[in-house]
Amino acid sequence: MTDALLPAAPAALEREGDGYFRKGCNPLAQTGRSKLQNKRAALNQQILKAVRMRTGAENLLKVVTNQKVREQVRLELSFVNSDLQMLKEQLEGLNISVGVYQNMEEAFTIPLIPLGLKETKDVDFSVVLKDFIQEHYSEDGYLYEDEIADLMDLRQACRTPSRDEAGVGLLLSYFIQLGFVESRFFPPTRQMGILFTWYDSLTGVPVSQQNLLLEKASILFNTGALYTQIGTRCNRQTQAGLESAVDAFQRAAGVLNYLRETFTHTPSYDMSPAMLSVLVRMMLAQAQENVFEKFCLPGIRNEFFMLVKVAQEAAKVGEVYKQLSVAMSQAPVKENIPYSWASLACVKLHHYGALAHYFTAILLIDHQLKPGADEDHQEKCLSQLYDHMPEGLTPLATLKNDHQRKQLGKSHLLSAISHHEECVREASLCRKLRDIEVLQEVLSAAHQRSRLKYAQHQEDDDLLTLASAPAIIPKTEQEVEIIPPQFSKVTVTDFFQKLGPLPVFSANKQWTPPRSIHFTAEEGDLGFTLRGNSPVQVQFLDPYCSAAVAGAREGDYIISIQDVDCKWLTVSEVMKLLKSFGDEDIEMKVIRLLDSTSSMHNKCATYSVGMQKTYSMICLAIEDGDKTDKTKKISKKLSFLSWGTNKNRQKSASTLCLPSVGVTRPQIKKKLPSPFSLLTSDSSLY
């Protein structure tokens, strides 16, 4: 994907202009959402402190033998667990904050559920990337200070994206840029020593890894979360606003589903496959809810066929929320899903189920079959409304019999009232939902409307004569669907394109140090030809020409001529440049790719942030192709990840690795302790 985004030639990035850099929101701006994110960051720090205290208390409980001390530790541990539960409830309150995420202009609509953005710590790329450029690319890392600063500025901007398409574009730009960074600076055989820390958006527990995949997965999660915030912010009193909300929730489901399918071993619980599956369901359910609101926005005409459609649309919303509620109640999701989310899903399944029964009752009670009416059409609609008619009733007979219509309608009204009562009860059990006034008003008004309608037709023997209302078949005119993220529509320029074309100049390729070739063109003849795309290669080299004598070889890549960078030049451009010097002495710098058997450095240096730089040596015994001694002992080539696994070998920072995200690593016989174990001990539960 990233290769297709490479430009044909490196173009200088314009630092003055609209298209160079898109900034995020001002993190110091006192907006409602910024205050909410600041509260989230503060809660994350408190949760981290409490988790560390709990870990320390549990470790102390394992080793102490004094009974009095153990009782004191148990008491402190109970206090810490209580504090953690309270902090988790506060974090849950931020996730369902109506006053910030919902549209303030709308009235009398049930709130939607947004996702909060994951918080992260600052990351300093400068030292590690400069060292890697010097070591791997044989270039001065300080020449790339501006590019590294641009990368860090882009990451900082992604912490506070604007709540619109520009903010989504900003996050996707950084995600694609991370693809370039991963290809250029993160070889699969070593850890780079850059520690990424992200906080779980649901539990506040931090997860730290030296793995760029954690960064990419977290950015994707925030992209989906931002779509949910855009959807909840849309004005649901207009047709355009509802269409935008449906689109936003479908795109949120697409991003989260892509995250679930692509990053399958994420250590953060909010990005686990089980939780992401539930979140995708939740986004699609909210999109279907907006479809129902869009259908009802022009007004519900009191007509038979219109009421049939409304009832089935409401039944469809109730069905998807029922599926969501069941998914939220399954282990292991139910342990970490916010209680207010599960309660609201249960409230909505009963609310929309009640609406389906109410509108069915209206079409049965208020619309009696009159002479000249389309009996066949009404019979067909009524038969399609139910999976099966109540015992002893047929669609046409029910339409013609006023008493049967009225009795069946009252059965639906009783079912609607029962759903409303369950809905109100469920909402009263959750403190967060009790505090949402607009939700209480909507539920109360719908309940009162059904009760008043039933009171108009109530009879004393209803409880004895009325049968249970049949289930209504859910049906919708607009089935919501997952919209996958469209990365190809985001235009991104590789910050480090000066290093050369990515297919050649990447972290997983090894080549010889640049060699200087001094030669002259004899009577205009260079003694070789060129082939390939950028960078071009030497081909058909005359072994007696000046370039060959100076050390040129077939297959060498030309990277510069007379200090002119040629890594992005085509064959014709390089040939034109060579011939422009005539008979003058030409200095040409070339490199040569190494084969797979010698692709690993004999000496590798890795740097871990906050640790002393260490160097590890590997002595590789590579059998020469010309030797045929079968008895010669060859030491087994060690994987980079298995360095320092011997019991008598001292472990260094460069030999330690943290769990990987979505990447299959070579098996390690002995698991090495992490230097960040105190920080990540809580995340090991995932």
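Which residues of the largest nonpolar core touch the most other members?

Guide: The model is a predicted one, with a mean pLDDT of 78 for the protein and 75% of its residues at 70 or more. Within its largest nonpolar core, which holds 139 residues, the members that touch the most others are Leu 115, Phe 125, Phe 185, Leu 279, Met 282, Trp 341 and Phe 496. The element that gives the most to this core is helix 11, spanning residues 339–365, with 17 residues. Because domain 2 (300–372 + 398–485) and domain 3 (510–593) both contribute residues, the core lies between them.

Beyond its neighbours within four places in sequence, Phe 496 contacts Leu 129, Tyr 144, Glu 147, Ile 148, Leu 151, Val 181, Arg 184 and Phe 185. Another core, of 23 residues, lies apart from the largest one and includes Leu 526, Phe 528, Leu 530 and Ala 552.

On the cysteines, Cys 158 counts as buried because its relative accessibility, 3%, is under the 20% limit. Cys 566 is likewise buried, at 0% relative accessibility. The count of disulfides comes to zero.

Two segments call for caution as to confidence. Over residues 1–9, pLDDT stays under 50, and the model has 19 contacts beyond four places in sequence for them. Residues 11–21 also stay under 50 in pLDDT, with 13 such contacts.

How values were computed:
Residues numbered from 1 in each chain as written. Predicted model: local features only at pLDDT ≥ 70, side-chain atom pairs only at ≥ 80, totals over all residues. Heavy atoms only, no water. pLDDT = per-residue confidence, 0-100. Contact = heavy atoms within 4.5 Å. Core = buried A, V, L, I, M, F, W, Y, C linked by side-chain atoms within 4.5 Å. Buried < 20%, exposed > 50% of the residue type's maximum accessible area, 1.4 Å probe, protein only. Helix = DSSP H or I, 4+ residues; strand = E, 2+ residues; numbered from the N terminus. Domains from an automatic or database assignment. Disulfide = S-S within 2.5 Å.
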